[in-house]
Amino acid sequence: EDYYPWMYELSSSYERYEGYTVIIKGFVYRDSEIRETCDFALVRLSMWCCAADLSPVGFLVDNGGTLDFKDDDWVVVKGTLGISEDGQSLLLKAQSIEAAEKPEEEYVYPYF
């Protein structure tokens, strides 16, 4: 239930959280651009207004190049926060990845 506020905080001041260990639930998301930077992204879909504006929000994940899960599988990742090589985003260095159930409310909503 506090996914979006934490994503906002971490994306706004990610240097402050480098080296922290986190446990986070989301689904596996990959595309060609993501695969150039890391193994996959761990995301949830954020909705501002309606289903037409759904956008993935989450972390890039480095798990050493192996992943036993498919796109859209829900997982829990435990890992250490770092910064991508280009310095532009958070990178989660996975320590463990486990299968998870899809949450009852799979979308997140920004409340400001």
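Find Arg44 first: it sits over the face of Tyr3, 5.4 Å from the ring centre. A charge counts as sitting over a ring if NZ of Lys or CZ of Arg is within 6 Å of the ring centre and within 35 degrees of the ring normal. Before we go on, a word on what you're looking at: this is a predicted model, where local features need pLDDT of at least 70 and side-chain atom pairs count only at pLDDT 80 or more, while totals for chains, interfaces and linings use all residues. Residues are numbered from 1 along each chain as its sequence is written, and side-chain values use heavy atoms, with hydrogens and water left out.

Now, what does Arg44 stand opposite in S3? The residue there is Val57. Two strands pair if DSSP finds at least two bridges between them. S2 (residues 40-46) and S3 (residues 55-62) run antiparallel and are joined by seven bridges.

S2 has other partners too. With S1 (residues 21-29) it pairs in the antiparallel sense, over three bridges. Look for Val28, whose bridge partner in S2 is Leu42, and for Tyr29, which stands opposite Ala41 in S2. With S6 (residues 107-108), S2 pairs in the parallel sense over two bridges, and here Ser46 has Val108 as its bridge partner. Follow S1 as well, and you'll reach S4 (74-83): S1 and S4 run antiparallel and are joined by seven bridges. Ile24, for instance, stands opposite Val77 in S4.

Is S2 mostly covered or mostly open? It is mostly covered, with six of its seven residues buried. Buried means under 20% relative accessible area, exposed means over 50%, and partly exposed is in between (1.4 Å probe, protein chains only). Take Phe40, which lies in S2: its relative accessibility is 0%, so Phe40 counts as buried. Leaving aside residues up to four places away in sequence, Phe40 touches a list of residues that includes Val28, Tyr29, Phe59, Val77 and Ile97. Contact here means heavy atoms within 4.5 Å. By contrast, look at Ala51: Phe40 and Ala51 are 11 residues apart along the chain, and their C-alpha atoms are separated by 23 Å.

Asn63 is another residue that Phe40 touches. Asn63 lies in the loop between S3 and S4, and it is buried because its relative accessible area is 16%. Among the residues that Asn63 touches, again not counting those up to four places away in sequence, are Asp39, Ala94 and Ile97. In that loop between S3 and S4 you'll also find Asp72. Is Asp72 buried or exposed? At 53% relative accessibility, Asp72 counts as exposed. Its phi is near 75°, a positive value in a residue other than glycine.

Next, the aromatic rings. A pair of aromatic rings is described by the distance of the centres and the angle of the planes. Rings of Phe, Tyr and Trp (its six-membered ring) pair if their centres lie within 6.5 Å; planes under 30 degrees apart are stacked, over 60 edge-to-face, and the rest tilted. That rule gives four aromatic pairs. One of them is Trp6 with Tyr17: the centres are 6.1 Å apart and the planes are at 80°, so this pair is edge-to-face. Trp6 is partly exposed, at 43% relative accessible area, whereas Tyr17 is buried, at 11%. Together with Tyr20, Trp6 and Tyr17 form one aromatic cluster.

On a 1 Å grid over the protein atoms alone, a pocket is an open set of points where a 1.4 Å probe fits, with protein on both sides within 12 Å along at least five of seven lines; lining residues have an atom within 4 Å of a point. The lining has 16 residues, and Trp6, Met7, Val22, Ile23 and Ile24 lie nearest the centre. Which strand gives the most to this lining? That is S1, with five residues.

Terms used:
Helix = DSSP H or I, 4+ residues; strand = E, 2+ residues; numbered from the N terminus.
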